[in-house]
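Student: I would like to take a close look at a single part of this protein and then see how it sits in the whole. Could you take me through it carefully?

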Amino acid sequence: MRFGAAVLRSYESRFAVEEVILNAGPADGEILVKIAGCGMCRTDLAVRRSAGRTPLPAVLGHEGAGVVVETGGPGTGLSVGDRVVLSFDSCGHCRNCMGAAPAYCDSFASLNLFGGRKENATRFTDADGGALAPRWFGQSSFAEYAMVPARNVVRVDPSLPIELLGPLGCGFLTGAGAVFNSFGVGPGDTLAVFGAGAVGLSAVMAATATGAVTVAVDRHPERLALAERFRAIPLNAASAGLPDRIQQLTDGGAQYALDTTGSAQLINDALRALRPTGHLGLVARLHTALPLEPGTLDRGRRISHLCEGDAVPGLLIPRLTGLWQAGRFPFDQLIRTYPLADINEAERDCDAGRVVKPVLVPEGRAP
């Protein structure tokens with residue numbers, strides 16, 4: 001089977017849309033999905049800074065959604081024609097997977113970031129027969145088709161706009177999951193969100209849906225305007241006395257804070273903005289040591305790293321689509337679509353902050 005895909009051949013090069021070859025159909029427990037749309041996530045772009053740990057050449061993309069066109073047997077629980085959202089890969093049998101915490105799978109890094117599943121890896125090549133890295137996040141969905149383990153997949157209502165749903169499998173799931181799962185935010189609770197990108201704004205929308213009071217911190221006026229549209233209190237990251245301002249706005253300090261920036265200064269500001277026993281969650285991967293200022297962890301304040309919003313995708317994705325249908329999680333307002341052929345333009349716009357969530361649509365291929 002031959003189809004188009006965006007291939008990254010080196011850490012310095014641009015993406016190139018090429019013909020790739022899949023030399024075999026789905027194995028047991030796999031499905032073949034015709035991609036309707038795939039979100040572009042910061043994690044895809046961070047491959048360029050992965051210090052060679054992500055093998056190339058590769059087809060990236062891990063926020064795919066589309067239609068099942070072939071299954072690897074009845075054990076998948078899916079049928080041809082099902083509309084599905086693709087999420088992260090996990091082994092299914094380690095202690096954390098068995099404990100409904102697949103985001104903390106013992107094999108998460110190897111399956112999703114550093115090579116993917118090795119089974120049947122050689123069946124996926126470029127047009128000249130050159131090997132491509134095994135599936136990225138179990139998907140490699142910057143492409144017209146993706147071969148996916150069935151456990152990655154969540155079936156969705158066929159009436160939903162399938163080409164827009166892919167980011168529910170990672171970016172939007174991470175922000176909303178932090179609110180619903182990691183923090184357990186409820187009516188009247190207070191939350192400060194640092195960074196009003198895709199993850200941060202999805203956290204804002206989720207917090208608004210719970211009836212929480214939310215402060216959104218960012219340096220881009222247009223991002224703050226979006227946060228305000230979603231009923232957060234906007235606050236510029238350059239504001240003098242930022243922690244004190246947040247404490248005033250949240251009646252003595254936020255119960256919860258979410259940092260999506262990885263900025264050491266903002267992380268320290270977030271800790272200072274918390275009330276006693278408050279919880280700060282980090283979602284960005286830190287690349288250097290994190291210096292904490294004296295007093296930031298006093299009085300029961302705590303800090304932890306959150307992965308994929310502590311989500312079980314099969315539970316959270318239907319919740320998010322249900323909230324969207326009820327008008328309470330308007331994630332579509334964060335999306336701009338691009339043809340797959342314009343993937344480099346989408347990357348430039350994402351890097352420049354001109355778009356919150358690019359979604360790549362294979363031209364002439366969306367169902």
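Student: Which residue takes a positive phi just after α10?

Tutor: Gly353 does, with a positive phi of about 80 degrees just after α10. Before going further, note that this is a predicted model, in which local features need pLDDT of at least 70 and side-chain atom pairs count only at pLDDT 80 or more, while totals for chains, interfaces and linings use all residues. Residues are numbered from 1 along each chain as its sequence is written, and side-chain values use heavy atoms, with hydrogens and water left out.

Thr174 counts as buried because its relative accessibility is 9%. Leaving aside residues up to four places away in sequence, Thr174 touches Val199, Val283, Glu308 and Gly309, and its C-alpha atom is separated by 8.1 Å from that of Ser202, which is 28 residues apart from Thr174 along the chain.

Turning to the whole, the secondary structure of the protein chain comes to 10 helices and 17 strands. The radius of gyration is 20 Å, close to the 21 Å that the globule rule gives for 367 residues, so the chain is as compact as a globular protein of that length; this radius is taken over C-alpha atoms, and the rule is 2.2 Å times the number of residues to the power 0.38. Along the principal axes, the C-alpha atoms fill a box of roughly 60 × 40 × 40 Å. Buried residues make up 57% of the 367 residues, and of the contacts with a separation of 6 or more, 67% are between residues 24 or more positions apart.

Key
Helix = DSSP H or I, 4+ residues; strand = E, 2+ residues; numbered from the N terminus. Buried < 20%, exposed > 50% of the residue type's maximum accessible area, 1.4 Å probe, protein only. Contact = heavy atoms within 4.5 Å.
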